[in-house]
Amino acid sequence: MSERLPRIRDVFETIPTYKPGKPPAPKPGRSTFKLSSNENPYPPLPGVLDALSGAAERVNRYPDMGAVHLYERLSERFGVPVDHLAAGTGSVAVLYHLLQAMCDPGDEVVYAWRSFEAYPIAVQVTGARSVTVPLNAKAEHDFDAMLAAITDRTRVVIVCTPNNPTGPAVHGDPLAEFIAKVPSHVVIVIDEAYREFVRDPHVADGVDLYRDRDNVVCLRTFSKAYGLAGIRVGYAIAPQPIATAIRKAALPFGVSDFAQVAATVSLDAEDALFQRVEALVAERARVVDAMREQGWEVPDTQANFFWLPLGADTVDFAAACAKEGVMIRPFPGDGARITIGESEANDLVLEVARHWRATRG
Ligand SMILES: *Cc1c(COP(=O)(O)O)cnc(C)c1O
């Protein structure tokens with residue numbers, strides 16, 4: 001008689017595995033670059049390093065589960081009540097907690113596709129179903145189609161702006177109109193992981209849209225513009241009942257003392273950090289302009305990456321970049337997402353792209 005094995009929920013058969021951006025293989029005698037995870041190329045500010053070494057002396061203790069200082073600083077920064085904030089180990093974790101709080105098995109979560117690869121995983125682990133709505137030809141959200149996809153089972157709609165991996169950000173008027181048409185019991189999550197890189201003045205600000213509404217949640221992170229991807233801290237700005245539910249679902253003591261102090265110091269050092277963001281935004285314009293001059297079709301980007309719709313050539317193009325020591329993020333058969341990094345790395349990408357066009361049309 002065969003022994004019974006532990007039973008893993010059926011849904012895990014269909015949950016995709018998150019594919020992290022690949023690090024480059026070391027190349028003797030030359031620099032290699034990782035443009036595959038939308039990381040900030042700048043090392044931590046000195047003040048952040050000091051705060052981290054202070055925190056290191058306290059590692060025998062659990063962190064402050066209430067994240068009191070961090071919540072106070074975020075509350076001042078955004079002019080929102082402390083009980084409208086919920087932190088987690090990255091804003092992806094906050095999304096997991098929110099979906100756990102909102103979704104029962106069989107419920108539906110609507111979002112555009114292609115968008116962030118963490119969404120299908122985060123939705124399906126709850127037992128809810130992903131309902132994806134194709135982006136339009138300009139790689140932007142199609143709000144009419146998203147409205148049409150909402151059913152009685154829909155509990156959450158996610159809007160990724162700027163959209164990872166394609167780049168465009170949603171304008172304020174269409175988003176406000178969309179929110180007005182979404183049934184009031186459906187939560188609208190505005191994922192603004194790249195908000196600090198936005199320069200188009202028409203782009204919506206999720207925090208403005210959350211105010212005065214009971215069903216709008218804004219997700220932000222310290223991983224991208226603030227350069228703290230390795231430390232894992234992000235947060236929701238949400239109506240109080242939703243923020244409270246997210247906090248209940250969160251792993252106890254998940255946000256480490258390191259993360260709390262690094263995030264708090266970073267909020268105090270925004271001037272220095274945002275100078276770096278400004279430099280990356282300038283670099284983005286330089287690279288995207290150069291790509292378009294070469295003849296590439298690059299959708300608008302308001303983030304620290306751009307999208308190349310390479311179709312069947314995607315994997316080969318990524319391999320050509322890897323050969324030069326630059327890792328990008330291929331989505332086979334569709335396109336590649338390329339992070340704006342160090343100028344030297346960006347130049348290598350431009351060089352590969354130029355050579356590609358010269359030799360392959
Ligand atoms: C990077 C990213 C996040 C945040 O990631 P964390 O490191 O978990 O905070 C959230 N949403 C999108 C679309 C992202 O690209």
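# Reading a predicted model, one feature at a time

The largest cavity has a volume of about 30 Å³.

Q: Before we go on, what kind of model is this?
A: It's a predicted model.

Q: How many cavities of 30 Å³ or more does the count come to?
A: A cavity is a space where a probe fits but cannot get out. Here the count comes to one cavity of 30 Å³ or more.

Q: And which residues line the largest cavity?
A: Look for residues with an atom within 4 Å of a cavity point. In this model you'll find Asn40, Tyr42, Pro43 and Pro44 in the lining, along with Tyr226, Gly227, Leu273 and Arg276. Sort that lining by class and you get five nonpolar residues, two polar and one charged.

Q: Let's move to the sheets. In what order do the strands of the seven-stranded sheet come?
A: Strand numbers follow the chain from the N terminus, while the order in a sheet tells you who sits beside whom. In this open sheet the order is 2-8-7-6-5-3-4, and the pairing is mixed.

Q: Which strands stand at the edges there?
A: Strand 2 (85-88) and strand 4 (129-134) do. Each has a single partner strand, so one side of each lacks a neighbour in the sheet.

Q: What is the order of the three-stranded sheet?
A: That open sheet reads 9-12-11, with antiparallel pairing. Strand 9 (305-308) and strand 11 (329-331) are the edge strands, each pairing on one side only. Neighbouring strands here are turned by 20° against each other on average, direction ignored.

Q: Where do strand 9 and strand 12 line up?
A: The two pair in the antiparallel sense over four bridges, with strand 12 covering residues 335-339. Phe305 stands opposite Thr339, and Trp307 stands opposite Arg337.

Q: Are the faces of strand 9 covered or open?
A: Both are covered. Phe305 and Trp307 lie on one side, Phe306 and Leu308 on the other, and all are buried.

Q: Is Gln294 buried or exposed?
A: The cut-off for buried is under 20% relative accessible area. Gln294 has 18%, so it counts as buried. You'll find Gln294 in helix 10 (residues 270-294). Leaving aside neighbours within four places in sequence, Gln294 is in contact with Leu350, Ala353, Arg354 and Arg357.

Q: And how does Ala56, in helix 1 (residues 46-56), count?
A: Partly exposed is the class between buried and exposed. Ala56 counts as partly exposed because its relative accessibility is 37%. Ala56 and Asp257 are 201 residues apart along the chain, yet 8.6 Å separates their C-alpha atoms.

Key. Residues numbered from 1 in each chain as written. Predicted model: local features only at pLDDT ≥ 70, side-chain atom pairs only at ≥ 80, totals over all residues. Heavy atoms only, no water. 1 Å grid on protein atoms, 1.4 Å probe; cavity = no way out; pocket = protein on both sides within 12 Å on 5 of 7 lines; lining within 4 Å. Points joined across faces, edges and corners; volume = space filled by probe spheres on them. Nonpolar A, V, L, I, M, F, W, Y, C, P; charged D, E, K, R; others polar. Buried < 20%, exposed > 50% of the residue type's maximum accessible area, 1.4 Å probe, protein only. Contact = heavy atoms within 4.5 Å. Pairing = 2+ DSSP bridges. Axes fitted to C-alpha atoms, helices over the stretch in contact; angles between N-to-C directions.
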